[in-house]
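Thanks, everyone. I'll keep this brief and go place by place. Please look at the screen.

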Amino acid sequence: MSADQVMRRCRSCKKQTLHVGPQTSHLLHLIMSVITAGVWIPVWIIVHLSNSTRIACTECGRQRGLFG
């Protein structure tokens, strides 16, 4: 599984640190959406929102996100 990496200001560390989080497999979700005639799209949106907001600081481990 690959991960998104971004430099952000951490609220706990009070400095710019590297933040990492899971990456959404858009190709897999596109294939599933085609196979299920679009029924999979809500799942894709939920997974993408969850993954794009669940990013953790590599210094202190503080995690920001909808479900974490």
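Start with K14. Its relative accessible area is 57%, so K14 is exposed, the cut-off being over 50%. One thing first: this is a predicted model. Keep that in mind throughout.

Where is K14? Look in the loop between β1, residues 3–9, and β2. Now its backbone. K14 has a positive phi of about 60°, and K14 is not a glycine. Why point that out? Because most residues other than glycine have a negative phi.

Buried or exposed? R11 comes out at 53% relative accessibility, so R11 counts as exposed. Which residues does R11 touch, once neighbours within four places in sequence are set aside? R62 and R64. Now a distance. Take R11 and M32, which are 21 residues apart along the chain. Their C-alpha atoms are separated by 37 Å.

Find H19. This histidine lies in β2, which covers residues 16–22. How accessible is H19? Its relative accessibility is 3%. The limit for buried is under 20%, so H19 counts as buried.

What surrounds H19? Leave out residues up to four places away in sequence. The contacts are then D4, Q5, V6, R8, R9, C10, I55, A56 and C57. D4, Q5, V6, R8 and R9 fall within the 3–9 range given for β1. There is also a polar pair to look at. A polar atom of the H19 side chain lies 3.1 Å from the backbone oxygen of T17.

On to the helices. Helix α1 runs over residues 26–35. Helix α2 covers residues 41–53. How do they pack? The angle between them is about 160°, and their axes are 9 Å apart. That angle is over 145, so α1 is roughly antiparallel to α2. The contact of α1 with α2 has four nonpolar, four polar and no charged residues. As for handedness, the α1 and α2 crossing is right-handed.

Which residues make the contact? On the α1 side, pick out H26, H29, L30 and S33. On the α2 side, they meet I41, W44, V47 and H48.

Now the loop joining these two helices. A37 is in it, between α1 and α2. A37 has a positive phi of about 55°, though it is not a glycine. How exposed is A37? The relative accessible area is 71%, so A37 is exposed.

G38 sits in the loop between α1 and α2 as well. G38 has 26% relative accessibility, so G38 counts as partly exposed. How far is G38 from Q23? They are 15 residues apart along the chain, and their C-alpha atoms are separated by 21 Å.

Last stop, inside α2. P42 has its place in this helix. With 46% relative accessibility, P42 counts as partly exposed. Compare its position with V6. P42 and V6 are 36 residues apart in sequence. In space, C-alpha to C-alpha, they are 26 Å apart.

Quick recap. K14 and A37 each have a positive phi without being glycine. H19 is buried, in strand β2. Helices α1 and α2 pack at about 160°. Happy to take questions.

Note on methods: Residues are numbered from 1 along each chain as its sequence is written. This is a predicted model: local features need pLDDT of at least 70, side-chain atom pairs count only at pLDDT 80 or more; totals for chains, interfaces and linings use all residues. Side-chain values use heavy atoms; hydrogens and water are left out. Helices (H or I, at least four residues) and strands (E, at least two) are DSSP runs, numbered from the N terminus. Buried means under 20% relative accessible area, exposed over 50%, partly exposed in between (1.4 Å probe, protein chains only). A polar contact is a pair of N or O atoms within 3.5 Å; within protein, one must be able to donate a hydrogen and the other to accept it, and residues adjacent in sequence count only if both atoms are side-chain atoms. Contact means heavy atoms within 4.5 Å. Axes are lines fitted to C-alpha atoms, for helices over the stretch in contact, and angles run from 0 to 180 degrees between N-to-C directions. Angles under 35 degrees count as roughly parallel, over 145 as roughly antiparallel, 65 to 115 as roughly perpendicular and the rest as oblique. A crossing is left-handed if the near helix is turned anticlockwise from the far one by less than a right angle, and right-handed if clockwise. Ala, Val, Leu, Ile, Met, Phe, Trp, Tyr, Cys and Pro count as nonpolar, Asp, Glu, Lys and Arg as charged, and the others, Gly among them, as polar.
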